Amino acid sequence: MTIRPATRADLAAVHRLEGEAFGAEAYPRFFVRQAWDLWPGSLLVAEVDGELLGYVLAGSGEDPAEAWILSLAVAPAARRMGLGRALSEAALAALGEGRRVWLTVAPASPARRLYEGLGFVEARREDDYFGPDEARLVMVRSP
Ligand SMILES: CC(C)(COP(=O)(O)OP(=O)(O)OC[C@H]1O[C@@H](n2cnc3c(N)ncnc32)[C@H](O)[C@@H]1OP(=O)(O)O)[C@@H](O)C(=O)NCCC(=O)NCCS
């Protein structure tokens, strides 16, 4: 497995993975492109045998002490093989030491356990974070 910063040529595949993972809630293509413009060093992809099978998007906050993991997705056929954890660890490393990192996760998502294993704890629950019936746990990892 190779984890590396995304290139412009990867963006279509990143958007496909995003769509497979999040369906109607997926980020639109233009957001993926502009996220890469804004945070080129923390849009990372995972490749296995030359195939792009996962990605993670993180970004810095206006306060340099704060950052967010905004999206994480692994191709359905490649799940439970460690890619999600490896991508998350690489995103945290790319963000650097000494920052508070935030993310949101659906309360029943399997990703919750992954994040807990990386040191994230629940900061709060918002019942309508993304709109009605779209509850999210806001999790934080302190430096
Ligand atoms: C969440 C997701 C990125 C995990 O990727 P992955 O490559 O399968 O994750 P890993 O193999 O690295 O698993 C790491 C840990 O996460 C947890 N985990 C992952 N998938 C799980 C599942 N289906 N059920 C229970 N625990 C799970 C486990 O604790 C696992 O550790 P273990 O395998 O040692 O038990 C992937 O399932 C995915 O893309 N889901 C759809 C999109 C999504 O929900 N993204 C997260 C949004 S916050």
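Helices here are DSSP runs of H or I that hold at least four residues, numbered from the N terminus, and the model they are read from is a predicted one.

Begin with helix α3 and the residue that follows it. Select G96, which comes just after α3 and takes a positive phi of about 90°. Then select the helix itself, residues 83-95, whose 13 residues reach 18 Å from the first C-alpha to the last, close to the 18 Å expected at 1.5 Å a residue. Colour L83, G84, L87, S88, A91, L92 and L95, which are the buried residues of α3. If you look down the axis of α3, these buried residues fall within an arc of 165°, so they line one face of the helix. An α-helix has 3.6 residues a turn, so residues three or four places apart point the same way. Now show what lies against that set: the buried residues of α3 pack against strands β1, β2, β3, β4 and β5, and also against helix α4.

Next, turn to the largest nonpolar core, which has 33 residues, and select L43, L44, Y55, V56, A58, L87 and A91, the residues with the most contacts inside it. Two or more residues of this core come from each of α1, α2, β2, β3, β4, α3, β5 and β7. Centre the view on V56, which, leaving aside its neighbours within four places in sequence, is in contact with L44, I69, S71, L72, L87, S88 and A91.

Is A6 buried or exposed? A residue counts as buried if 20 or more other C-beta atoms lie within 10 Å of its own, and A6 has 23 such neighbours, so it counts as buried. Not counting residues up to four places away in sequence, A6 touches L11, V14, W36, L43, L44, V45 and Y55. Select P40 as well: although A6 and P40 are 34 residues apart along the chain, their C-alpha atoms are separated by 7.2 Å.

Now display the ligand, which is surrounded by 18 residues, the closest being R79, G84, R85, P110 and L114. Elements β4, α3 and α4 each supply at least two residues of this shell, and α4 gives the most, with four residues.

Finish at strand β6, residues 121-126, where the number of buried residues among the six is zero, so the strand lies largely in the open.

Note on methods:
Residues are numbered from 1 along each chain as its sequence is written. This is a predicted model: local features need pLDDT of at least 70, side-chain atom pairs count only at pLDDT 80 or more; totals for chains, interfaces and linings use all residues. A residue is buried if 20 or more other C-beta atoms lie within 10 Å of its own, exposed if 12 or fewer, and partly exposed in between; C-beta atoms are placed from the backbone. A nonpolar core is a set of buried Ala, Val, Leu, Ile, Met, Phe, Trp, Tyr and Cys residues joined through C-beta atoms within 7 Å. Two residues are in contact if their C-beta atoms, placed from the backbone, lie within 7 Å. The expected span of a helix is 1.5 Å times one less than its number of residues. The arc is that of the directions from the helix axis to the C-beta atoms. A residue is near a molecule or strand if its C-beta atom, placed from the backbone, lies within 6 Å of it.
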